[in-house]
Amino acid sequence: MPDSPRWSHVGLNCRDQKATEEFYTRYFGFRRARVAEADGTRVIFLRRGDALLELFPTTAAPAPEASDDGPATPGVTRHLAFQVDDVDAFLDQAGDDAHITLGPLKFDEYIPGWKTVWVRDPDGLIIEISQGYVDQPPEELQRHA
């Protein structure tokens with residue numbers, strides 16, 4: 001069997017790389033893994049376990065401000081998502097840096113204890129923060145085949 005592709009990274013355009021790096025480092029446990037410079041452009045890689053974020057500087061005009069759980073535009077990232085043990089504790093820690101766009105909402109009718117809030121990162125990207133998500137058991141998934 002040929003080598004199976006593995007997840008590598010998400011590239012983010014940043015108006016302020018330092019602010020974006022600080023946001024993901026402080027609240028999501030990323031750390032700087034690499035800095036690449038070419039043709040006067042600095043690209044910063046952040047790592048948390050197997051996940052990488054690649055931060056590109058940009059002076060382009062910002063996209064229209066996203067709201068709720070993110071834009072529904074095809075070909076545009078709706079949101080990035082992270083799991084935490086306690087959404088409320090995350091929001092307390094983030095304080096004024098948690099620019100909430102939707103929620104917190106509870107989804108106990110689907111998964112007992114599932115709670116989610118959506119916030120905006122420094123560049124306007126919507127970030128989903130949730131607790132309690134679990135996959136469906138295989139027998140339940142079979143009913144949706």
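Biologist: How much space lies in the largest pocket?
Modeller: This is a predicted model, in which local features need pLDDT of at least 70, side-chain atom pairs count only at pLDDT 80 or more, and totals for chains, interfaces and linings use all residues. Residues are numbered from 1 along each chain as its sequence is written, and side-chain values use heavy atoms, with hydrogens and water left out. A pocket is an open set of points on a 1 Å grid over the protein atoms alone, where a 1.4 Å probe fits and protein lies on both sides within 12 Å along at least five of seven lines; points are joined across faces, edges and corners, and the volume is the space filled by probe spheres set on them. For the largest pocket that space is about 690 Å³.

Biologist: Which residues are the closest to the centre of the largest pocket?
Modeller: The largest pocket is lined by 26 residues, lining meaning an atom within 4 Å of a point. The closest to the centre are Asn-13, Ala-63, Asp-123, Gly-124 and Leu-125.

Biologist: Which strand gives the most to the lining of the largest pocket?
Modeller: By class, the lining has 14 nonpolar, six polar and six charged residues (nonpolar: Ala, Val, Leu, Ile, Met, Phe, Trp, Tyr, Cys, Pro; charged: Asp, Glu, Lys, Arg; polar: the others, Gly among them). Helices (H or I, at least four residues) and strands (E, at least two) are DSSP runs numbered from the N terminus. With five residues, the element that gives the most, at residues 9-14, is strand E1.

Biologist: Where does the largest pocket lie relative to the domains?
Modeller: The protein is divided into domain 1 (9-59) and domain 2 (77-137), with bounds from an automatic or database domain assignment. Both give residues to the lining, so the largest pocket lies between domain 1 and domain 2.

Biologist: Which residues of domain 1 lose the most area to domain 2?
Modeller: In all, 15 residues of domain 1 are in contact (heavy atoms within 4.5 Å) with 14 residues of domain 2. The area buried between them (accessible area, 1.4 Å probe, that two parts lose on being put together, summed over both) is about 1200 Å², with 64% from carbon and sulfur atoms. Together giving 47% of what the domain 1 side buries, the residues that lose the most are Phe-23, Tyr-27 and Phe-28.

Biologist: How many salt bridges are there between domain 1 and domain 2?
Modeller: A salt bridge is a side-chain nitrogen of Lys or Arg within 4 Å of a carboxyl oxygen of Asp or Glu. The whole structure holds nine. Between domain 1 and domain 2 the count is two.

Biologist: How many residues apart in sequence are the parts that Arg-15 and Asp-123 tie together?
Modeller: The side chains of Arg-15 and Asp-123 meet in a salt bridge, 4.0 Å from N to O. Arg-15 is in the loop between E1 and helix H1 (17-28), and Asp-123 is in the loop between strands E7 (115-120) and E8 (126-131), so the parts tied together are separated in sequence by 108 residues.

Biologist: Which residues does Val-10 touch, leaving out those up to four places away in sequence?
Modeller: Val-10 is in strand E1. Its C-alpha atom is 11 Å from that of Phe-56, 46 residues apart along the chain. The residues that Val-10 touches are Leu-52, Leu-53, Glu-54 and Leu-80.

Biologist: Which residues does a cis peptide bond join?
Modeller: Pro-104, in strand E6 (residues 99-106), is one of the pair. Omega is about 5° at the cis bond between Gly-103 and Pro-104.
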